[in-house]
Structures are given as structure tokens and as C-alpha cells.
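Hi,

Here is the structure I promised to pass on. Have a look at it, and then read on for what turned up.

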Amino acid sequence: MTKSADTHCPYCALQCAMTLTSPAELTPASEPGPVLEVAGRDFPTNRGGLCRKGWTSATLLNHAGRVTEPLLKGADGIHRPIGWDQALALVTTAVRDTQARYGTDAVGVFGGGGLTNEKAYMLGKFARLALGTSRIDYNGRFCMSSAAAAGMRAFGVDRGLPFPLTDLDAASTILMLGSNVAETMPPFVQHLQGARDAGGLIVVDPRRSATAKFTADGGGLHLQPLPGTDLTLLLGLSHVIIHEGLADEGFIAARTTGYDAVVRSVNSFWPERVQSITGVPAELIRETARRLADGARKGGSYILTGRGVEQHVDGTDTATAAINLSLLLGLPGSRRSGYGTLTGQGNGQGGREHGQKADQLPGYRKITDPAARAHMAGVWGVPEESIPGPGLPAVQLLKSLGQPDGVRCLLVHASNIAVASPDANAVIAGLRSLDFLVVCDFFMSETAAEADLVLPVLQWAEEEGTLTNLEGRVLRRRRAIQPPAGARSELWIMARLAEALDAPSTYSEDPETVFEELRLASAGGLADYSGIDYAMLDRGEAAYWPYPAGTTGTPRLFLDSFAHPHGKAVMTAVTPRRRRTPAANPDPAATTMTLITGRLLEHYQSGSQTRRVSELLATQPEAKVQLHPAAASAMGITEGSFVSVANERGEVVCRAELSTAIRQETVFLPFHFPELESANRLTEAATDPVSGMPEFKFNKVWVRAAAPSDLQHNVLQTTEAS
């Protein structure tokens with residue numbers, strides 16, 4: 001008997017629709033038998049298409065490396081199976097002992113943007129009520145925090161795309177900054193085709209990425225600025241819009257505030273000066289601004305930002321500058337134009353709405369807002385004063401690990417922080433200094449390998465729940481296969497631990513029951529889900545938040561007003577800041593260059609999943625440092641030879657990939673690989689003062705041809721690490 005389930009891909013926020021089919025009754029994924037068949041399903045975002053990761057996603061369900069029972073690390077460093085009763089008792093004891101010795105905030109929780117809405121919601125509740133700690137944050141701080149902060153600042157609300165993705169199809173001009181969708185979410189590119197056909201696809205990227213190549217043959221323009229100068233470039237574009245009379249004055253007067261301050265802030269960024277800073281020709285800056293304005297008047301213009309312009313210490317201001325540009329042109333709130341930011345992780349949108357951020361309560365409520373606290377106290381049935389205040393954003397939380405007044409016991413869910421965090425060497429040292437580390441995962445990730453206790457959890461096709469895609473559309477995840485007997489849902493784990501800890505309120509392990517509580521918790525908040533239920537999602541109804549009970553949801557935000565009390569968008573003047581002066585290069589044989597990091601087509605996030613898919617690993621088995629042939633030649637580096645990339649934080653040694661697609665003073669490393677190929681050994685843990693976003697995209701490094709001693713050192717350290 002054939003069984004099938006309609007669900008969505010477990011990877012990025014495009015959340016491509018797919019159907020999973022099993023030729024037999026649903027059986028545990030760990031038992032021998034046919035792997036589920038994956039088929040693309042017609043849906044507005046992907047229209048039946050999937051990328052390589054999506055097509056191979058079911059491979060991992062019966063992977064030999066699956067963790068299927070709790071594993072406790074012994075004194076010899078080896079993890080051995082134990083029973084669930086013992087595992088839960090160990091966690092309970094560790095929490096109680098740690099808090100008795102050091103206080104409630106000595107226990108921390110680190111979540112992830114891959115958790116379902118139900119699990120993200122319950123994780124925030126569990127941390128604050130069952131653990132009584134304020135120390136909770138998640139890996140979305142490394143992804144969407146700058147864009148979210150800029151959206152809140154300008155619009156009063158943060159929804160990645162405030163319009164359906166299909167609106168892009170009719171655009172004549174699309175400016176895309178810092179996003180390589182052709183590799184990170186390939187089915188997305190079909191929505192760029194209309195702009196490309198009109199010659200209006202404009203891509204800003206220091207590399208000639210796969211997406212930038214779509215601008216060739218009359219498809220549009222590629223602007224290739226120096227890394228870290230995106231804010232200056234955006235100010236230059238705004239200067240042209242204002243001083244050539246291209247701004248939408250009626251829209252600005254009726255629907256915005258702050259215009260005069262923005263005019264003053266961009267006055268000194270005329271195109272020739274911007275060219276001297278960014279390397280982008282002045283005439284190309286003017287042409288870009290004029291095309292955007294022409295598209296806004298005639299056929300629709302959109303401005304889209306991604307992590308490339310946001311993962312900086314000035315990421316919030318850079319995203320704000322992009323929003324200011326869109327407001328000058330009158331794009332937001334139009335049915336034919338708009339501004340949006342591209343959410344990355346599978347539930348990166350929903351995961352940041354319902355309480356696993358350090359400063360947030362469900363419904364996108366501020367944890368410092370008395371009305372929000374009172375609302376949540378009522379939903380949870382607890383005194384308001386029992387809800388802790390704001391905690392620490394991710395980088396500060398990780399810096400506190402093992403410190404006298406920091407976190408001494410950490411619970412990690414859906415995040416591989418040993419690979420994905422900035423200054424990864426320091427993070428690993430922090431993990432090793434903890435009194436007790438618990439990691440929930442379905443594979444022995446690099447973070448799980450550091451854990452005292454690993455708890456086996458469910459994979460995507462083994463669970464029910466909801467996620468929210470990059471458009472703010474709530475989707476249903478459906479079970480297609482039974483999990484291995486020893487694996488448990490995080491909801492079950494939290495419910496059992498809450499019971500053992502005598503926690504107040506209720507903790508259900510049933511996803512629909514949790515979603516019903518989430519509806520109540522979100523009601524009246526910015527991200528209001530109160531009008532959404534499983535039945536309507538199962539009928540296939542489109543559900544865009546805010547969706548208050550009694551309404552039909554909000555596919556397009558801002559048509560009538562923005563979310564600030566006065567109903568207008570707020571333009572905020574921003575200017576570039578000086579970055580920290582990096583350490584001096586101590587190696588006369590090395591050349592100082594700028595490192596940027598990013599993703600590859602075949603891999604996702606820290607690679608903990610995709611590096612276990614043989615088809616994907618065969619194509620991209622190792623990290624390679626991309627650099628320009630001219631720069632390589634000057635250092636005696638050839639294609640495939642080993643290269644040392646180092647700075648004061650660490651060293652990476654990997655093979656060279658020579659390409660004219662990158663600027664000569666820049667090198668690129670993918671961040672999917674661990675240990676001595678880990679790009680985040682080099683990234684800085686300096687953060688944006690508004691969002692807490694770390695500096696992933698602009699780091700100074702010392703590059704040289706690797707010597708034989710580097711390779712021996714590399715092998716030795718890899719052996720020690722394993």
C-alpha cells in the first residue's frame with residue numbers, strides 16, 4: 001500500500017513544496033527498506049522545482065550515522081548509549097546543581113532557525129518558565145538580525161518579504177544586494193526572469209556569483225564593490241535619486257518621516273566620491289539609480305537584500321540605507337513595487353517571532369513591554385514577575401560560556417555552533433569549559449561531539465508542525481515516516497524535563513496543541529497567528545501573517561499604512577563608521593587580503609546534513625579558497641595547491657580555486673566545513689550595536705602559499721581534533 005505526505009523541503013526559507021512517497025506502510029527510518037521518494041510539488045514559490053539539496057533530502061532519513069539513542073560521554077571522551085530515564089535525570093540534576101551554585105542565569109539555551117514554530121515557541125517558554133533563565137538566544141542572530149532590526153526601525157514590523165514572492169514575476173527592475181539565490185535557493189531564480197528579460201536585473205556582489213552571471217547578455221547590471229562598502233554605495237544611489245529629481249515626492253510627503261535628515265546625510269556621497277571608496281564606476285551608479293526610478297514609474301521596481309550586506313558590524317545601518325532608497329522611490333506599500341529581505345534558514349521567519357530571541361516574547365512582542373509581559377503571563381498562567389527580562393544576544397551568550405558570571409550549563413537545539421559561530425576556536429574553547437553541555441541532534445555534529453550528553457531528536461519527515469517561509473506564509477510540515485524507536489521530539493523532551501523540574505504552566509508534546517497555545521500567545525502581537533489553524537492549512541489555504549482571528553490574513557503589508565503608531569515609515573539617516581583596525585600582518589611572506597564567506601550550491605549552513613549526502617559531498621568534498629589568478633600568481637599559488645589563510649584568531653589551510661569572478665584583493669571561503677577548513681576560525685565576533693549581528697563578511701586575513709610544515713601541522717591538528 002503506497003503512503004504519501006505533502007510537505008516542504010527541510011532546508012532554506014523558500015520552503016519548496018514536495019511530496020514524499022513510500023511504497024509500503026510507514027516504517028521507522030532506521031530500518032532497512034526503500035528510502036522515501038521525493039517529488040517536487042506545484043506551489044507558488046517553487047512551481048514544482050527543487051534544488052539538489054531538496055532532491056536528495058530523504059537520503060538522510062536512514063543514514064548510518066543517525067543518532068538513535070541518548071549518548072553520554074565517558075571520562076575517556078567516548079560517547080556511549082544510555083536510557084532515556086537516565087538521560088533526563090542527568091539533565092535535571094545538572095540544571096538544579098548549576099543553578100544552586102551559580103544562579104538561574106547560569107543555565108543557557110541556544111536554539112535554531114530550523115525548529116518548527118511549535119518547537120521555537122515552546123523552547124522560549126521552557127527556558128523562561130521551566131529553567132527560569134533569561135539566557136536564551138538562537139542562530140538566527142547570525143542570519144536575519146540586522147534585516148529584522150532595520151525593518152522594525154523603518155516599518156515598525158519585520159516580515160522578510162512583505163509581499164508574495166510571485167509579485168516579483170511582473171517586475172521590470174530588481175536590485176539584489178548581497179544574495180546569491182542561484183546557489184542558495186535555485187528555484188527562486190525563475191522569479192527574476194521577468195526583470196532579466198527587461199534588462200533590469202541588477203546584482204551587487206564583490207564576486208561574479210552565479211546570480212550575478214544572470215545579468216549577462218543584456219540581462220542587467222553587475223556592480224562589484226569592495227567588500228564592506230555596500231552602505232556607501234547605497235548612499236550614493238540615494239544621492240542620485242534625490243539630486244536628479246527622481247524621488248517620489250508625493251509618497252515621501254504622505255507616507256514617511258525623516259526625509260530632511262536623509263537628504264543631509266547623503267549630500268556628501270556624490271557618485272565620483274562613492275566610486276573612489278567602493279570601486280564602482282560613477283556612471284554605473286547613476287545608471288542603476290535611473291533604472292530603479294524608471295522601473296518604479298513604469299513597470300515595477302523591487303529592492304532585495306541578503307546576508308552579504310547585512311552580516312556586518314554596520315549591517316542594520318546598511319539595511320536601513322537600502323530601505324531609505326526604497327522609500328525615496330515610493331516602493332514599499334505598492335502593489336507593483338516593494339522592498340524585502342531574503343530569509344535564509346528554513347524557519348528563519350517563524351523562528352524569530354515566537355520567543356527564542358533574547359529580547360522577545362511570542363507574537364514578536366518585546367520582553368520589556370509591560371503589556372506584552374502581562375499578556376504572556378495570562379496565557380501561561382503565571383505571575384508576570386516570574387518571566388525573566390531580556391538576556392544576551394548570541395555572540396555575548398557564547399562569550400559567557402564557562403565564565404565566572406556566565407553560562408555554566410548549556411542546552412543546544414538545532415544549531416551547530418562549533419562550526420557556524422564567529423571566532424569558532426573561542427566558541428569551541430567555551431563549550432569545553434562548561435560544566436555540562438547537552439545537545440539535541442539527529443547526527444553527531446561537531447557541536448554534539450563536544451557534548452556531555454547527546455539527545456536524539458526527530459528529522460523533518462518524522463514530525464508534524466508548521467513553519468513560516470520567507471514571505472511570512474505559514475506552512476504545514478507533515479509526517480511521512482515513523483522515527484527510529486529511540487528518537488524523541490524536542491516537544492517531548494521539554495515536556496518531560498518541565499515535569500521533572502516542577503515547572504509552572506503546561507508543556508504538551510502534541511504539535512497541534514502547542515500551536516493552539518501559540519495562537520493565543522501571538523494574538524494582538526505584530527506576528528499575529530490567532531486566525532490560523534491546522535485545518536485551514538491542511539485545506540491548502542494561504543495564510544500570511546498578521547492573521548488576526550476573523551480576518552483573511554495579510555499577503556501584502558503596508559498598502560494602507562505602516563506599523564508605527566503614526567502609520568508612516570521612518571527614514572533614518574545613516575553614515576559609514578570606521579571599523580576596528582586589524583592586527584598587523586606578522587608574516588612577510590603573506591599578503592593581507594579581505595575574506596568574505598558564503599554558501600555553495602551543494603551545501604547548507606554548517607554542512608552537518610549535506611556533508612553526509614554522498615551525491616553532494618562528491619561534488620564539493622572540501623573547502624576551497626577562491627582567489628583571483630593575478631593575486632595567486634604574485635604569491636606563487638596555483639590551481640589546486642594548498643593555501644594558508646590566517647589572522648590573529650586562527651588559520652585555515654585548504655586548496656586554491658582560481659577565478660576571475662572575484663576581486664583581486666579579496667578571497668572567498670565557504671562556511672560549511674569543520675575543523676581546519678572552518679572559515680569561522682577567521683571571522684570576528686565583533687557585533688552590530690543594534691542587532692547583535694557578527695562581522696561575517698569583512699575580515700582581514702594573511703594569505704600565502706602553504707609550506708610543507710603547514711600541511712603536517714594541519715594533519716596533526718585534525719587528528720587531535722577527531
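Which backbone nitrogen does a side-chain oxygen of D369 reach at the start of α14? The nitrogen is that of A371, and the oxygen comes to within 3.1 Å of it.

Before the rest, some housekeeping. This is a predicted model, where local features need pLDDT of at least 70 and side-chain atom pairs count only at pLDDT 80 or more, while totals for chains, interfaces and linings use all residues. Residues are numbered from 1 along each chain as its sequence is written, and side-chain values use heavy atoms, with hydrogens and water left out. Helices (H or I, at least four residues) and strands (E, at least two) are DSSP runs, numbered from the N terminus.

**Helix α14**

α14 covers residues 370-380, and its buried residues are A372, R373, M376, A377 and W380. On the face turned away from the buried side you'll find the exposed residues P370, A371 and G378.

What lies over the buried residues? The cover includes α3 (117-130), β14 (360-361), β15 (365-366) and α20 (511-522), with contact meaning heavy atoms within 4.5 Å. Just after α14, G381 takes a positive phi of about 70°.

**G355**

G355 is in the loop between β13 (338-341) and β14, and G355 is buried at a relative accessible area of 0%. Leaving aside neighbours within four places in sequence, G355 is in contact with G124, R128, I136, Q360, L361 and P362.

**The barrel**

6 strands close into a barrel with mixed pairing, in the order β22-β26-β23-β25-β24-β29. Neighbouring strands of this sheet are turned by 45° against each other on average, direction ignored; axes here are lines fitted to C-alpha atoms. Two strands count as paired if DSSP finds at least two bridges between them. β24 (residues 642-647) and β25 (residues 650-658) run antiparallel and are joined by 6 bridges, and V643 stands opposite C654 in β25.

**Aromatic pairs**

How many aromatic pairs does a search of the whole structure find? There are 12. Rings of Phe, Tyr and Trp (its six-membered ring) pair if their centres lie within 6.5 Å; planes under 30 degrees apart are stacked, over 60 edge-to-face, and the rest tilted.

Y11 and Y604 make an edge-to-face pair, 5.2 Å centre to centre with 65° between the planes. Y11 is in the loop between β1 (3-8) and β2 (17-22) and Y604 in the loop between β22 (591-598) and α22 (614-619), so the pair ties together parts that are 593 residues apart in sequence. Y11 is buried at 2% relative accessibility, and Y604 is buried at 9%.

F155 and Y339 form a tilted pair, with ring centres 6.2 Å apart and planes at 45°. F155 belongs to α4 (residues 145-155) and Y339 to β13, 184 residues apart. F155 is buried at 4% and Y339 at 6%.

Cheers

Methods
Buried < 20%, exposed > 50% of the residue type's maximum accessible area, 1.4 Å probe, protein only. Polar contact = N/O pair within 3.5 Å; in protein donor to acceptor, adjacent residues only side chain to side chain. Axes fitted to C-alpha atoms, helices over the stretch in contact; angles between N-to-C directions.
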